[in-house]
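Here is a short note to read alongside the model. Keep the sequence and the 3D view open as you go.

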Amino acid sequence: MPTIAVEALVTATPVTSFGNAAIGQQVDRMVFRGGIAMTSPDDTFGGLSGLTMTGPNHQALFVTDRGNFVTGHLLYDDANALFGYIGVTVEPMRNSKGDVLPRQYAKDAESVDTIYRAGEPIGVRVGFEHLTRVADYTLTNGIPGGAAREVPIPDWLTDARTNETLESVCIAPPASPVAGSTLLIAEEMLDQADNHRAYLLGQNDKGELSYQNSPVVNPTECTFLPNGDLLVLERGISMLSFVMNLRRVPAAEVRAGNLMVGELLLTATGGSIDNMESLTVHTAPDGELRVLIGSDNNFNDWQRSLLLEFALVD
């Protein structure tokens, strides 16, 4: 693993169908907009577990299972279809002392979201499992770095030490009733009603809530739409095949003390998907709001690093 930032050449192969749908066709409550399958000869590239946008020109940042930031720019063709990921750098995350994270137990980053101030991206917030914690990093020209700044989280999370703890971290936008609050959703930590435990970090909106449990799948990432609605990506395995769901929770339902129940927007299994773990929303070159869903190949040759793009039907 790198101890300084290194460049990585990423080859992107277009993904032009999703199940039986071609680009531009509807799948469930979404419209498929295309995607890419990414490969690289550099063995530092992979394990892409979380995704956020950090700057202009579609600057996209991933966090990885091995404690790295992967930063580059998404490319679009004349038909506004995703076809590349260029200018890619891989840089190790650091601890609060500014040192590279010392061992794999501390490196398992699973989620990331961008921190904005006055509408400008100024940092990223990263969620880790195994050594469960949340940390902030400063953005410089859209690239994160420097020493970590630890974010206080509930003891029931910090005391957990497995790879089934904190999978989802997302920050509520200005239009949300809990604007500026950070939502944490646990993967396999259930409450007394067998729903996924969750927590809101905020000044006025702090407190526990939960996310409805579903068979086979667990929540693996969240992101907010500009209007405050919450999207939750769910991932599981059934009959030796990956399963993916995308659900939408109304903005008013994201509040302390509540059970969040999501409306199903998209479901898939089989060859169209892989180990789907990352999720974000952004604006495409044509101005359309789009949802990006990415997969974590776990640095395995038999898995893929997919990045699929969708638009909401309504």
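Predicted model: local features only at pLDDT ≥ 70, side-chain atom pairs only at ≥ 80, totals over all residues.

1. Make-up. The protein has two helices and 26 strands. Its radius of gyration is 18 Å, close to the 20 Å that the globule rule gives for 314 residues, so the protein is as compact as a globular protein of that length. Along the principal axes, the C-alpha atoms fill a box of roughly 45 × 45 × 45 Å.

2. Of the 314 residues, 58% count as buried. The accessible surface comes to about 12,800 Å². Carbon and sulfur atoms account for 50% of that surface.

3. Contacts along the chain. Take the contacts between residues at least 6 apart in sequence. Of these, 52% join residues at least 24 apart.

4. Charge. There are 20 positive and 39 negative side chains. The centres of the two sets lie 5 Å apart.

5. Strand E24 covers residues 276-283, and strand E25 covers residues 289-295. The two run antiparallel, joined by seven bridges.

6. Cover on E24. Is this strand mostly covered or mostly uncovered? E24 is mostly covered, with seven of its eight residues buried. As background, side chains in a regular strand alternate between the two faces of the sheet.

7. Leu101. Is Leu101 buried or exposed? Its relative accessible area is 4%, and buried means under 20%, so Leu101 is buried. Leu101 lies in the loop between strand E10 (82-92) and helix H1 (104-107). Leaving out residues up to four places away in sequence, Leu101 touches Met93, Arg94, Asn95, Ala106, Lys107, Phe128 and Arg133. Gly19 is 82 residues from Leu101 in sequence and 40 Å from it in space, C-alpha to C-alpha.

8. Thr16. Where does Thr16 sit? Thr16 is in the loop between strand E2 (11-15) and strand E3 (17-18). Again leaving out residues up to four places away in sequence, Thr16 touches Ala21, Ala22, Ile23 and Phe32. Thr16 and Gly84 are 68 residues apart in sequence and 13 Å apart in space, C-alpha to C-alpha.

Key:
Residues numbered from 1 in each chain as written. Heavy atoms only, no water. Buried < 20%, exposed > 50% of the residue type's maximum accessible area, 1.4 Å probe, protein only. Helix = DSSP H or I, 4+ residues; strand = E, 2+ residues; numbered from the N terminus. Pairing = 2+ DSSP bridges. Rg over C-alpha atoms; globule rule 2.2 N^0.38 Å. Contact = heavy atoms within 4.5 Å. Areas by Shrake-Rupley, 256 points an atom, 1.4 Å probe, with all protein chains shown as cover. Lys, Arg positive; Asp, Glu negative; His and termini not counted. Charge placed at Lys NZ, Arg CZ, Asp CG, Glu CD.
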